[in-house]
Amino acid sequence: VRSRGLGDVYKRQDQTSKAAKEAAEKAQEAAKEARFRELAVELAKRQEAIVDLQSRHGIYDQSLIEAYDDVARLYLELEDYESAAGALGEALQISRINSGLYSEQQLPLVKALIDARSRIEQWQEVDDLAHLTHHISQRLYALSDRQYLSAAQEYGEWKLRVIRENLLQQNSRGLMNTTEDLSSFYDFVISGLEREADVDVRGMMALLQGKSQADIVLARNIA
């Protein structure tokens with residue numbers, strides 16, 4: 001009898017716990033829906049503001065960069081990553097028209113684009129943007145500059161991921177070529193740094209580690 005009574009107690013506790021969990025999930029979903037409605041209203045206002053800016057200042061006015069960036073943030077919160085990427089692409093285009101092909105202003109926009117495209121697994125677009133980020137950094141900063149070293153490290157880490165996960169759906173020859181290119185990239189940067197008088201030690205060590213990882217992958221592919 002005692003065993004049956006304990007069983008009933010445990011059963012009631014389990015039912016209570018399950019009901020509480022379901023109630024919490026429903027409340028969370030309701031809060032999310034309410035938040036999405038708020039965001040949709042705010043998004044409509046921001047889009048109207050963009051149309052107003054375009055009519056008053058033209059479609060390539062500098063103020064539109066921030067306006068599109070704000071819209072992209074709302075889309076991201078709404079989990080509409082394709083639209084977020086579209087808004088960021090507009091901001092990037094306007095930035096390039098106003099400040100030239102290479103400016104620091106573009107880097108956070110490109111990185112935000114990488115994040116948006118990654119969320120919907122558009123890996124070819126992400127790869128193109130990773131190349132662009134490195135190219136802009138290469139034009140803006142000296143080889144020994146910490147900001148360039150950080151960009152080079154991020155680029156190398158991305159390419160290693162591309163190879164390891166075969167994100168671009170390459171055949172064995174394509175993967176081999178990508179790995180060889182990455183190893184050559186590390187060689188170029190490291191040899192350039194070795195000629196510099198003042199080198200960031202941590203940056204150099206990170207690149208040497210990346211080079212080692214690329215060479216290990218290359219050796220495995222050859223074997």
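Guide: Contact here means heavy atoms within 4.5 Å of each other. The model is predicted.

Visitor: Which residues in H6 does H5 meet?
Guide: Start on the H5 side. Trp-123, Val-126, Asp-127, Ala-130, His-131, His-134, Ser-137 and Gln-138 make the contact there. Their partners in H6 are Tyr-148, Ala-151, Ala-152, Tyr-155, Trp-158, Lys-159, Arg-161 and Val-162.

Visitor: Is H5 roughly parallel or roughly antiparallel to H6?
Guide: The axes of H5 and H6 come within 9 Å. They cross at roughly 155°. An angle over 145 degrees sets the class, so H5 and H6 are roughly antiparallel.

Visitor: Is the crossing of H4 and H5 left-handed or right-handed?
Guide: H4 spans residues 106-119 and H5 spans residues 123-140. Their axes lie 9 Å apart, at an angle of about 165°. That angle makes H4 roughly antiparallel to H5. The H4 and H5 crossing is left-handed.

Visitor: How many charged residues are in the contact of H4 with H5?
Guide: The H4 side includes Lys-111 and Arg-117, and the H5 side includes Glu-125. By class, the contact has 11 nonpolar and 4 polar residues. Its charged residues number 3.

Visitor: Which helix supplies the largest share of the lining of the largest pocket?
Guide: The largest pocket has a volume of about 190 Å³. H4, H5 and H6 each supply at least two lining residues. The lining includes Lys-111, Val-126 and Trp-158. The largest share, 5 residues, comes from H6.

Visitor: How many nonpolar residues does the lining of the largest pocket have?
Guide: Ile-114, Ala-130 and Tyr-155 are among the lining residues. The lining has 3 polar and 3 charged residues. Its nonpolar residues number 6.

Visitor: Where is Leu-143, and how far apart in space are Leu-143 and Ser-17?
Guide: Leu-143 sits in the loop between H5 and H6. Beyond its neighbours within four places in sequence, Leu-143 contacts Tyr-148, Leu-149, Val-189, Gly-192 and Leu-193. Leu-143 and Ser-17 are 126 residues apart in sequence. In space, C-alpha to C-alpha, their separation is 59 Å.

Definitions and conventions. Residues are numbered from 1 along each chain as its sequence is written. This is a predicted model: local features need pLDDT of at least 70, side-chain atom pairs count only at pLDDT 80 or more; totals for chains, interfaces and linings use all residues. Side-chain values use heavy atoms; hydrogens and water are left out. Axes are lines fitted to C-alpha atoms, for helices over the stretch in contact, and angles run from 0 to 180 degrees between N-to-C directions. Helices (H or I, at least four residues) and strands (E, at least two) are DSSP runs, numbered from the N terminus. Angles under 35 degrees count as roughly parallel, over 145 as roughly antiparallel, 65 to 115 as roughly perpendicular and the rest as oblique. A crossing is left-handed if the near helix is turned anticlockwise from the far one by less than a right angle, and right-handed if clockwise. Ala, Val, Leu, Ile, Met, Phe, Trp, Tyr, Cys and Pro count as nonpolar, Asp, Glu, Lys and Arg as charged, and the others, Gly among them, as polar. On a 1 Å grid over the protein atoms alone, a cavity is a set of points where a 1.4 Å probe fits but cannot get out, and a pocket is an open set with protein on both sides within 12 Å along at least five of seven lines; lining residues have an atom within 4 Å of a point. Grid points are joined across faces, edges and corners, and a volume is the space filled by probe spheres set on the points.
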